[in-house]
Amino acid sequence: MLGLGRFGSALAHELSSSGVEVLGVDSDPKVVQAHASSVREVACGDSTSEAVLEELGVFELPTVVVAIGQHLEDSILTASILAEREVTSIWARADNRQHERILQRIGVHHVVRPEYDTGRRVAHLLNERIHEFAEIARDYSVVAMPAPDIAVAIADPLELWQQHHVQVVSVRRRGIWQPVDIAGSIEASDVITIAGATKDLEKFSLLN
């Protein structure tokens with residue numbers, strides 16, 4: 001984890017609590033010290049220095065996250081070093097669309113925009129019928145929502161795909177999640193997980 005700011009530290013802590021071995025690196029000694037007890041291994045160093053990354057063994061790791069946010073030049077330089085050294089899986093945080101494009105051109109495999117992605121998720125959750133929203137890919141998402149009347153009225157959940165281009169993935173009935181093919185027809189008290197193009201899910205969530 002290169003950069004232990006709010007995003008990097010939160011990600012490092014979550015991974016560590018899940019049993020993942022994490023090396024956290026930051027150029028600020030105070031930041032490194034603050035996370036020494038919660039991240040398995042931390043080090044103080046300049047991620048824009050290839051020699052420092054070499055010494056820390058970063059190039060041998062299967063996945064490296066560039067979590068540098070505000071310092072655009074440092075983010076791009078760090079990512080370019082990792083790409084040149086052909087790190088297997090490079091993730092990076094971008095603050096805006098231009099930053100994202102630059103990182104992609106450099107060779108970063110996965111680019112995330114935390115503020116943008118969170119904003120999109122909250123915008124969908126403001127629709128009170130949607131309990132959870134997750135964008136799996138560009139314009140393809142999964143949502144959890146109470147079963148609308150139109151879903152209850154249909155005997156075969158596959159008809160929802162034919163009519164509304166959304167697919168029922170699972171059903172929560174009396175507190176237990178189960179595949180839709182086991183649950184059978186949808187009941188009025190069910191919560192359903194559905195997948196599809198984001199625009200189709202938005203339209204479906206507005207149906208009664």
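Residues are classed here as nonpolar (Ala, Val, Leu, Ile, Met, Phe, Trp, Tyr, Cys and Pro), charged (Asp, Glu, Lys and Arg) or polar (the others, Gly among them). The structure is a predicted model, in which local features need pLDDT of at least 70 and side-chain atom pairs count only at pLDDT 80 or more, while totals for chains, interfaces and linings use all residues. Residues are numbered from 1 along each chain as its sequence is written, and side-chain values use heavy atoms, with hydrogens and water left out.

The chain is divided into domain 1 (6-112) and domain 2 (128-206), with bounds that come from an automatic or database domain assignment. Taken over C-alpha atoms, the centres of domain 1 and domain 2 are separated by 37 Å. An unreviewed UniProt entry lists residues 1-112 as "domain: RCK N-terminal"; such annotations may be inferred rather than shown by experiment. Residues 1-112 are 43% helix and 18% strand, where helices (H or I, at least four residues) and strands (E, at least two) are DSSP runs numbered from the N terminus.

Pockets were located on a 1 Å grid over the protein atoms alone, a pocket being an open set of points where a 1.4 Å probe fits, with protein on both sides within 12 Å along at least five of seven lines; lining residues have an atom within 4 Å of a point. The largest pocket has a volume of about 540 Å³, the volume being the space filled by probe spheres set on the points. Its lining comprises 24 residues, of which Gly 5, Asp 26, Ala 67, Ile 68 and Gly 69 are the closest to the centre. Two or more lining residues come from each of α1 (6-17), β1 (23-26) and α6 (114-125). By class, this lining of the largest pocket has eight nonpolar, nine polar and seven charged residues.

The second largest pocket holds about 280 Å³ of space. Of its 13 lining residues, Glu 21, Val 22, Leu 23, Leu 61 and Thr 63 lie nearest the centre. Strand β3 (residues 63-66) gives the most to this lining, with three residues. The lining of the second largest pocket divides into 11 nonpolar, one polar and one charged residues.

Two residues other than glycine were examined for backbone geometry. His 165, in the loop between α8 (158-164) and β8 (166-173), has a positive phi of about 60°. Arg 174 lies in the loop between β8 and β9 (176-179), and its phi is near 55°.
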